[in-house]
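Hi,

Here's the structure I said I'd pass on. Have a look at it first, and then read my notes below.

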Amino acid sequence: MSKARARFVCVKCGYVSPVRLGRCPECREWGSLEEEEKPRPESKAAFGKASSVLSLDMIPEGEADRFSTGVGELDRVLGGGLIRGVVILLSGEPGVGKSTLLLQAAAGIAREGKKLLYVSGEESGAQLRLRAQRLGLPLEDLFVLSETSVPEILKLAEGPYDVLVVDSVQTLRVPELGGPAGSPAQLKESAFALSTFAKSRGAPLFLVGHITKEGSIAGPKILEHLVDTVLYFEGEKDRNVRILRSFKNRFGRVNELGVFEMTGNGLGEVKNPSELFIAERAHGVSGSAITPVLEGRRPLLMEIQALVSPSFIPVPRRQSLGADPSRVGLLAAVLEKKVGLRLFDQDLFVNVAGGARITEPAADLAIVAAIGSSFQDSPLPEDLVVLGEVGLTGEIRRVGRMDDRLKEAGRMGFRKVLGPAAELEGCSAAGIKKIKVNRVEELFSPEIGLRPLRAVKKRRESF
Ligand code: TYD
Ligand code: MG
């Protein structure tokens, strides 16, 4: 019988190497590769139930069993609440509010008449009590356990609990396995044992996982395929806005977004995120454009800011926060070539206000409009929203779900929309004036406060 070869796994990015390395070739971290202990085969079988073959109609409908966590924004991201036996990984940087969110959800779940066990390997019972008091939660309905040993947890979780929370996976240990808590083998084995237990009982399980500052998901990355749903909780240290996103969801849509605000007494749900993202918008200034983006099913208004200023270095800076930098570079190139906007000797900064992130190409035209507005130092109309994808030849392409986006814009008091002609033609935008464009050059018109650049374009084309 051949002896199983050792594997070395990077605890930071999950890179696997057959030999021991001092530095991870993937994420360049020093000393991050650890030998993975082989999980003992019998340990897996011990946690599972005997299998049986069933026809699909013999399997109970899971969907009907969905129940609320009492936190509406969390329910939305989960795809409408919790489902029997779902295993959810909640990742985020330390201090973002994962424990706070789950403790609030625990109280909500208790309000639904369900019993939840909150296992904490990070905080003592007294600390949890203090936090719950600060959050104003009913202490008598919250059941907590301060423990890090997986077999102990499984023994105590045998009680009549409907939901389990384990905070965090990095503190868990299966003693027989050896190695420190948080090592790849410990993480996998602990998560596997807990999720098998939760699935066999049909109890939803939340696993909390910390990610490191740089955003690499130390450890939890290797758990992503083991769980049904992966949620990321994000926020900036100096702002109170917290955003919850789903990256994988076997029981619902991904890219659904939940918005919270961290307050003195816990996380508050933000019911009107558009208001939040455009709240601090300065009026009558250049370099700002509003665009309705789709986050999951929900249209949200976001403000894109651009700053174009003469560069004093040989290679001008192109920086972008909240929007893909390569996309911004591409749009700048389209502006240079197709409109004749002289950007090659200008620094260009693009920022999505409020710490939000835009992933949709539908925001292209708004990025272009913000850049144009800053370049000409000419503000766009205050009641204008801009949307459309920009192609490499300067054509403006359709975006999905125009009606929903315009409804949100109308609700927030916007009265004009600049977007792809073909799509605006057919959509009903009550009370909103449509400014239809086919090409990116058409953006530079007095109607939206920008000066046409035809003369410049001709000169540049004659080179
Ligand atoms: P926490 O939930 O402990 O974060 P995580 O579990 O992700 O590490 O949140 C910690 C931060 O939240 C901490 O900096 C204090 C702040 N906080 C508030 O601002 N208000 C509150 O009501 C609570 C409980 C925490
Ligand atoms: Mg915590």
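Let's start at the ligand: how far is a nitrogen atom of ligand 1 from an N or O atom in the side chain of R134? The distance is 3.3 Å. Keep in mind that this is a predicted model, so every value here is computed from it.

A polar backbone atom of T263 sits 2.8 Å from a nitrogen atom of ligand 1, and a polar backbone atom of G97 is 3.0 Å from one of the ligand's oxygen atoms. There are 16 residues around ligand 1, and G95, K98, S99, T100 and G266 come nearest.

Now zoom out. The protein splits into domain 1 (1-36), domain 2 (65-271) and domain 3 (276-443). The C-alpha centres of domain 2 and domain 3 are 37 Å apart. Their contact uses 17 residues from domain 2 and eleven from domain 3.

How much area gets buried between those two domains? About 1,300 Å², with carbon and sulfur atoms giving 46% of it.

There's also some polar pairing to look for. Domain 2 and domain 3 share three salt bridges, and four residue pairs are in polar contact. On the side of domain 2 that touches domain 3, α2 (72-78), β10 (241-249) and β11 (257-263) each supply at least two residues. That side is made up of nine charged, six nonpolar and two polar residues.

How values were computed. Residues are numbered from 1 along each chain as its sequence is written. Chains are lettered from A and ligands numbered from 1 in the order in which they are written. This is a predicted model: local features need pLDDT of at least 70, side-chain atom pairs count only at pLDDT 80 or more; totals for chains, interfaces and linings use all residues. Side-chain values use heavy atoms; hydrogens and water are left out. Domain bounds come from an automatic or database domain assignment. Contact means heavy atoms within 4.5 Å. Buried area is the accessible area (1.4 Å probe) that two parts lose on being put together, summed over both. A salt bridge is a side-chain nitrogen of Lys or Arg within 4 Å of a carboxyl oxygen of Asp or Glu. A polar contact is a pair of N or O atoms within 3.5 Å; within protein, one must be able to donate a hydrogen and the other to accept it, and residues adjacent in sequence count only if both atoms are side-chain atoms. Helices (H or I, at least four residues) and strands (E, at least two) are DSSP runs, numbered from the N terminus. Ala, Val, Leu, Ile, Met, Phe, Trp, Tyr, Cys and Pro count as nonpolar, Asp, Glu, Lys and Arg as charged, and the others, Gly among them, as polar. A residue is near a molecule or strand if one of its heavy atoms lies within 4 Å of it.
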